[in-house]
Each structure stands twice: as C-alpha cells, then as structure tokens.
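Q: Please show me the model. Then take me through reading its features.

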Amino acid sequence: MSAVKITVRKNGPYRVEAPEGSIELVDADGNNFDLTGKTAFSLCRCGGSVNKPFCDGTHSKIGFLGAESAVKKAEETPKA
Ligand code: FES
C-alpha cells in the first residue's frame, strides 16, 4: 500500500490523502503551498474554484461532470 492515495471523486475533485509532511505541492514557479497540519486535501478538477489549486465546492454548483460521466451522458443523448 502506498503512503499517498489520490482518489478521483465522481464529478468532483482529486482527493489527496498522505501522512503530514510526506507530500509537497508547488505552483508553476516552484513555490510551496502551505500544507501544514493537513493529511488530506482536495484539488480542483472542474476549473471553477476561486481557491485554486484547491477545491472550494464550486463543482457542485456548476454541475461539473467528470470525463467518465460526460462521455456517458453524451452517449445517452439522442442525436438530432
Ligand atoms: S472540483 Fe471542486 S471546485 Fe473544482
């Protein structure tokens, strides 16, 4: 079993679980995000969070569909 677990939440964020201090999250310039005291956090997958890279729950307000759900929905939609 790995020390880090990343779960793709259905129509939601990437949930990251890891022992405190075992994971580093950096921005494009290499600056660290403060993860002090955190053993789990969620990363935005929908693009709508105002607190990127973290999820702020916006995905549920905008009706975000993860790729697997979006494909399924497109296949179910009758063609005109
Ligand atoms: S996945 Fe939750 S706000 Fe984007």
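A: A nonpolar surface patch of about 330 Å² is made by Val4, Ile6, Val8 and Tyr14. This is a predicted model: local features need pLDDT of at least 70, side-chain atom pairs count only at pLDDT 80 or more, and totals for chains, interfaces and linings use all residues. Residues are numbered from 1 along each chain as its sequence is written, and side-chain values use heavy atoms, without hydrogens and water.

Q: Is valine 8 buried, partly exposed or exposed?

A: Buried means under 20% relative accessible area, exposed over 50%, partly exposed in between (1.4 Å probe, protein chains only). Valine 8 has 46% relative accessibility, so it counts as partly exposed.

Q: How do I read an aromatic pair?

A: A pair of aromatic rings is described by the distance of the centres and the angle of the planes. Rings of Phe, Tyr and Trp (its six-membered ring) pair if their centres lie within 6.5 Å; planes under 30 degrees apart count as stacked, over 60 as edge-to-face and the rest as tilted. The structure holds 2 aromatic pairs. Phenylalanine 54 is buried, with a relative accessible area of 12%. Phenylalanine 33 is partly exposed, at 27%.

Q: What are the distance and angle for phenylalanine 41 and phenylalanine 54?

A: That pair is edge-to-face too: 5.9 Å centre to centre, 80 degrees between the planes. Phenylalanine 41 is buried, with a relative accessible area of 7%.

Q: Which residues form the aromatic cluster?

A: Phe33, Phe41 and Phe54 form one cluster.

Key: Patch = residues over 30% accessible without salt bridge, like charges linked within 9 Å, V, L, I, M, F, W, Y side chains within 5 Å. Areas by Shrake-Rupley, 256 points an atom, 1.4 Å probe, with all protein chains shown as cover. Salt bridge = Lys/Arg side-chain N within 4 Å of Asp/Glu carboxyl O.
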